[in-house]
Amino acid sequence: MKTDVLKIDNSKAGSIDLDDAIFGLEPRKDILHRCVVYQLAKRQQGTHHAKERNEVAATSKKFGRQKGGGGARHGNRAAPQFRGGGKAHGPRPRSHAIDLPKKVRRLALKHALSAKVADGSLIVIDEAKFADTKTKAVAAAFEKLNIGNALIMDTSIDEQFGLAARNLPGIDLLPVVGANVYDILRKEKLVLTKAAVEGLEARLK
């Protein structure tokens, strides 16, 4: 599959062949959904905690008569029904991560890339570099490319370009080594450099 390569000023810089086994698949929503759920579950901290009755500071002395008080026969202020008592079956620190086979994760990344191609949301540029390090100049260049909400990927992010683009709302920068399904799908457009395309194809073949 051939696609045009653009320069940062929206002028043409030739074309590039995209591997159909990576960029030409019919996107499967079920695989993409599984991978997004896997990613979001894995990044949860799982540090939530509520004190149970054995952890709160409360007396365990019987505080009322056994009979004649007109109420239940309580013997511990740490019981869950009392104000300041422990939480019954409260959240405990744990890992929320779920298992997903590596083959499925690789396949999901291919389907995410193919989904961007199918939507017409993939832009390939020759390189992610800019002579002017001013954010205003980079914003003007992105406007010519019709980029407002996008993920820009390169083999490694150029330091000057990164400094100029990082303040733009809706623009994320990511090296190829960090390519993942969630970040690709959450942005309207995916901008890849020629080097990024080669890096992704080498990683996913």
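## Strands E4 and E5

Five bridges join E4 to E5, and the two strands run parallel. In this pairing, isoleucine 152 has leucine 173 of E5 opposite it. The model described here is predicted.

E4 is mostly covered, with five of its five residues buried. The burial applies to both faces of E4: Ala150, Ile152 and Asp154 are buried on one side, and Leu151 and Met153 on the other.

## The sheet

E4 and E5 belong to an open sheet of six strands, in the order E2-E1-E3-E6-E4-E5 and with mixed pairing. Its edge strands are E2 (12-17) and E5, each of which pairs on one side only. On average, neighbouring strands of the sheet are turned by 30 degrees against each other, direction ignored.

Helix H7 packs on this sheet, where H7 touches E1, E2, E3, E4 and E6. The direction of H7 makes about 95 degrees with that of E6.

Strand E3 covers residues 122-125 and has both faces covered. Leu122 and Val124 are buried on one side of E3, and Ile123 and Ile125 are buried on the other.

E3 is parallel to strand E1 (residues 2-6), to which two bridges join it. Valine 5 is opposite valine 124 of E3, and leucine 6 has isoleucine 125 of E3 as its bridge partner. E3 also pairs with strand E6 (residues 189-193), in the parallel sense and over four bridges. Here valine 124 has leucine 192 of E6 as its bridge partner.

## Packing of H3 against H7

Helix H3 (residues 102-118) packs with helix H7 (residues 194-204) at an angle of about 145 degrees, and their axes are 11 Å apart. The crossing of H3 past H7 is left-handed.

On the H3 side, Arg106, Leu109, Lys110 and Leu113 make the contact. On the H7 side, the contact residues are Leu200, Arg203 and Leu204. Sorted by class, the contact has four nonpolar, no polar and three charged residues.

## Helix H4

Which residues of helix H4 (residues 135-144) are buried? They are Val138, Ala141 and Phe142. These three lie on the same side of H4 because they cover an arc of only 100 degrees around the axis. Strand E4 (150-154), helix H5 (159-165) and strand E5 (171-175) are among the elements that cover the buried residues of H4.

The face of H4 turned away from the buried side carries exposed residues: Lys136, Glu143 and Lys144.

Most residues other than glycine have a negative phi. Asparagine 146, although it is not a glycine, has a positive phi of about 60 degrees. Asparagine 146 follows H4 and lies in the loop between H4 and E4. Its relative accessibility is 57%, so asparagine 146 counts as exposed, the cut-off for that class being over 50%.

Asparagine 10 is another residue other than glycine with a positive phi, near 75 degrees. The loop between E1 and E2 holds asparagine 10. With 35% relative accessibility, asparagine 10 counts as partly exposed, a class that sits between under 20% for buried and over 50% for exposed.

Where does alanine 72 lie? Its place is the loop between helix H2 (29-42) and H3. Is alanine 72 buried or exposed? Alanine 72 counts as exposed, because its relative accessibility is 56%.

Alanine 72 and leucine 122 are 50 residues apart along the chain, and 68 Å separates their C-alpha atoms. Leucine 122 is one of the buried residues of E3, whereas alanine 72 is exposed.

Conventions:
Residues are numbered from 1 along each chain as its sequence is written. This is a predicted model: local features need pLDDT of at least 70, side-chain atom pairs count only at pLDDT 80 or more; totals for chains, interfaces and linings use all residues. Side-chain values use heavy atoms; hydrogens and water are left out. Axes are lines fitted to C-alpha atoms, for helices over the stretch in contact, and angles run from 0 to 180 degrees between N-to-C directions. A crossing is left-handed if the near helix is turned anticlockwise from the far one by less than a right angle, and right-handed if clockwise. Contact means heavy atoms within 4.5 Å. Ala, Val, Leu, Ile, Met, Phe, Trp, Tyr, Cys and Pro count as nonpolar, Asp, Glu, Lys and Arg as charged, and the others, Gly among them, as polar. Buried means under 20% relative accessible area, exposed over 50%, partly exposed in between (1.4 Å probe, protein chains only). The arc is that of the directions from the helix axis to the C-beta atoms. Two strands pair if DSSP finds at least two bridges between them.
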